[in-house]
Amino acid sequence: MKKFLRAHILFPEYLGFAPYFWVLFILPVLSLTSAIEGVSKYFWSAIIIFYVKVYRDSFMTTKSFDLRIVIQLVIDMIFAVVFNYIFLFVFTSFLIGSKISASDGYYGCFIYFWVFLFVE
């Protein structure tokens, strides 16, 4: 059970408590989707759960970091357009900012972020 929690739910220990505080800011998004009626409520809730999973997995590996950033930015854009909720961009910017090495594609992710932000 402990192995499962570390592999699929908890954030890496080297990050401390910061990612958990960020996840608390998902609660307003959940309240936003709770006001929706019907099946679309479950669709948007599933999108948020997927977003948190991609956000958490982005800290774990650097193998597909750029792809995970783009997935987050697409979901950020969708929520910005559909719900006028731009605060999900903060999660992606925190993730890009916490990337340790500038030589591992930091600037590419930074450019992705600004392109998606200005397209919105």
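D57 is buried, with a relative accessible area of 17%. Buried here means under 20% relative accessible area, exposed means over 50%, and partly exposed lies in between (1.4 Å probe, protein chains only). The structure is a predicted model: local features need pLDDT of at least 70, side-chain atom pairs count only at pLDDT 80 or more, and totals for chains, interfaces and linings use all residues. Residues are numbered from 1 along each chain as its sequence is written, and side-chain values use heavy atoms, with hydrogens and water left out.

D57 takes part in salt bridges with two partners, K53 and R56. A salt bridge is a side-chain nitrogen of Lys or Arg within 4 Å of a carboxyl oxygen of Asp or Glu. The search of the whole structure finds 2 of them. Between K53 and D57 the N to O distance is 3.4 Å. These residues both lie in helix α4, 4 residues apart, about one turn of the helix. Between R56 and D57 the closest N and O atoms are 2.8 Å apart. R56 and D57 are both buried. K53 is partly exposed, with a relative accessible area of 32%.

The fold is built from 7 helices and 0 strands. Along the sequence the pattern reads α-α-α-α-α-α-α. Helices (H or I, at least four residues) and strands (E, at least two) are DSSP runs, numbered from the N terminus. Of the 120 residues in the protein, 32% are buried. The protein exposes about 7,600 Å², and carbon and sulfur atoms supply 73% of that area. Accessible areas come from the Shrake-Rupley method with a 1.4 Å probe; for residues, only the protein chains shown count as cover. Contacts are heavy atoms within 4.5 Å. Among contacts between residues at least 6 apart in sequence, 63% join residues at least 24 apart.

Confidence was examined by element. pLDDT is the predictor's confidence in each residue, from 0 to 100. The mean for the protein is 79, and 83% of its residues reach 70 or more. Where pLDDT is low, the predicted coordinates should not be read in detail.

Helix α4 covers residues 39–60, 22 residues in all. Its first and last C-alpha atoms lie 32 Å apart, close to the 32 Å expected at 1.5 Å a residue. The expected span of a helix is 1.5 Å times one less than its number of residues. Buried positions in α4 include W44, I48, Y51, V54 and F59. Helix α5 has 18 residues and should span 26 Å; its end C-alpha atoms are 26 Å apart, which agrees. Among its buried residues are F65, R68, I69, D76, M77 and F79.

Rings of Phe, Tyr and Trp (its six-membered ring) pair if their centres lie within 6.5 Å; planes under 30 degrees apart count as stacked, over 60 as edge-to-face and the rest as tilted. By this rule the count comes to 7 aromatic pairs. W44 and F79 form an edge-to-face pair, 5.4 Å centre to centre with 75° between the planes. This pair links distant parts of the chain: W44 sits in α4 and F79 in α5 (residues 65–82), 35 residues apart. W44 and F79 are both buried. F79 also pairs with F83 in a tilted arrangement, at 5.2 Å centre to centre and 35° between the planes. F79 and F83 are likewise both buried. Ring pairs link F43, W44, F79 and F83 into a cluster.

Just after α5, N84 takes a positive phi of about 55°. N84 lies in the loop between α5 and α6 (89–97). Most residues other than glycine have a negative phi. At 63% relative accessibility, N84 counts as exposed.

Elsewhere, A18 is found in helix α2 (residues 18–24). A18 is partly exposed, with a relative accessible area of 31%. A18 and F94 are 76 residues apart in sequence, and their C-alpha atoms are 9.9 Å apart in space.
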